[in-house]
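Reader: I am new to reading protein structures and would like to learn on a real example. Could we go through one together?

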Amino acid sequence: GKDPIADHLVREEILARVLAIVSTKFGRLEDGTGVPGKSLRISFAAHVDKKEREKKKQRLWPARFGGDHSGAGGEAFGTFCRVYTAFIRRTIFQEHALEPALQPADRTYLDGSYAFGTDPARDKRSELIRALINGYAGSMALTLAHEVGHLAGLDHVTDDPVEIMNVDEGAGIDYRDAHFGPNTWAIMERRYGLVEEPGRKVPKPL
């Protein structure tokens with residue numbers, strides 16, 4: 001709240017990283033591009049234009065970010081899901097909050113104008129900001145992947161500590177290690193199929 005421009009830059013970077021991370025969990029590249037024969041036919045976008053919305057052979061699941069919850073980082077409601085960003089901040093990141101809070105002077109770390117290595121104190125501040133952005137985005141991305149898993153018909157699992165659908169271990173999973181296990185992946189692959197390879201017909205999902 002001290003500087004709207006810095007706040008905007010942080011929000012945009014978090015959103016970009018959320019989309020990149022969650023895309024990889026569904027077998028896509030970080031830019032969202034599908035890999036033929038490997039990526040699920042589930043993709044993510046910050047905005048969907050009117051023509052895309054009107055296509056008949058697709059299903060849109062809005063994901064709403066914001067707000068708090070007494071006991072969950074996210075919820076799925078059948079046709080849409082929520083990611084409770086205040087819950088994630090409060091339960092995971094609040095104890096690591098920046099001191100002082102984000103301010104106008106921090107813009108240079110966010111817009112690329114600061115040359116890392118110029119000053120040790122400023123380097124440390126830059127690294128702290130980047131670490132918080134990356135960690136926050138990772139937690140939000142895993143929460144989103146988990147809730148989209150529910151929208152895709154997945155249940156919770158308990159046999160793999162780094163499985164995205166493991167709700168008991170969820171808060172402690174490093175986003176780089178988290179994955180959909182073979183069983184949950186197979187369910188989504190049967191229901192939604194994989195991105196088609198050029199010139200090859202992929203069996204229709206069930």
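Reader: Which strand do three bridges join to β2, and how do the two run?

Author: Happy to start there, and please keep in mind that this is a predicted model. β2 is linked by three bridges to residues 81–83. Within this pairing, Glu75 has Arg82 opposite. The two strands run antiparallel, and the partner of β2 is β3.

Reader: Which strands stand at the edges of the sheet?

Author: The sheet is open and has three strands, with mixed pairing and the order β1-β3-β2. A strand with a single partner has one side left without a neighbour in the sheet, so we look for the strands with one partner each. On average, neighbouring strands here are turned by 15 degrees against each other, direction ignored. The edge strands are β1 (63–65) and β2 (74–76).

Reader: Which helix lies across β1, β2 and β3?

Author: Look for the helix that spans residues 120–151. Its direction is at about 165 degrees to β3. This helix is α5.

Reader: Is Arg82 buried, exposed or partly exposed?

Author: Arg82 belongs to strand β3. Leaving aside neighbours within four places in sequence, Arg82 is in contact with Arg64, Gly73, Gly74, Glu75, Phe77 and Glu147. Buried means under 20% relative accessible area and exposed means over 50%. With a relative accessible area of 30%, Arg82 is therefore partly exposed.

Reader: What does the charged end of Arg64 sit over?

Author: Arg64 is also a contact of Arg82. The charged end of Arg64 is 4.4 Å from the centre of a ring. That ring belongs to Phe80.

Reader: How many residues apart in sequence are the parts that Phe93 and Tyr136 tie together?

Author: The structure holds six aromatic pairs. In one of them, Phe93 and Tyr136 are edge-to-face, with 5.5 Å centre to centre and 65 degrees between the planes. Both Phe93 and Tyr136 are buried. Because Phe93 is in helix α3 (residues 85–93) and Tyr136 is in helix α5, the parts tied together are apart in sequence by 43 residues.

Reader: Why is the pair of Tyr109 and Tyr114 called edge-to-face?

Author: Tyr109 and Tyr114 are both buried, and their ring centres are 5.3 Å apart. Planes over 60 degrees apart count as edge-to-face. The pair gets this name because its planes are at 85 degrees.

Reader: What do the buried residues of α3 pack against?

Author: The buried residues in α3 are Thr85, Ala86, Phe87, Ile88 and Phe93. Their packing partners include two strands, β1 and β3. The remaining partner is helix α5.

Reader: Where does the largest share of the largest nonpolar core come from?

Author: This core has 42 residues, and Ile14, Phe26, Leu144, Phe180 and Met188 touch the most other members. At least two residues each come from α1 (4–25), β3, α3, α4 (107–110), α5 and α6 (182–192). The largest share is 11 residues, and the element that supplies it is α5.

Reader: Which residues does Met188 touch?

Author: Here, residues up to four places away in sequence are not counted. Met188 touches Phe26, Leu40, Ile42, Ala152, Leu154, Phe180 and Gly193.

Technical notes:
Residues numbered from 1 in each chain as written. Predicted model: local features only at pLDDT ≥ 70, side-chain atom pairs only at ≥ 80, totals over all residues. Heavy atoms only, no water. Pairing = 2+ DSSP bridges. Helix = DSSP H or I, 4+ residues; strand = E, 2+ residues; numbered from the N terminus. Axes fitted to C-alpha atoms, helices over the stretch in contact; angles between N-to-C directions. Contact = heavy atoms within 4.5 Å. Phe/Tyr/Trp six-rings, centres within 6.5 Å; stacked < 30°, edge-to-face > 60°. Buried < 20%, exposed > 50% of the residue type's maximum accessible area, 1.4 Å probe, protein only. Lys NZ or Arg CZ within 6 Å of the ring centre and 35° of its normal. Core = buried A, V, L, I, M, F, W, Y, C linked by side-chain atoms within 4.5 Å.
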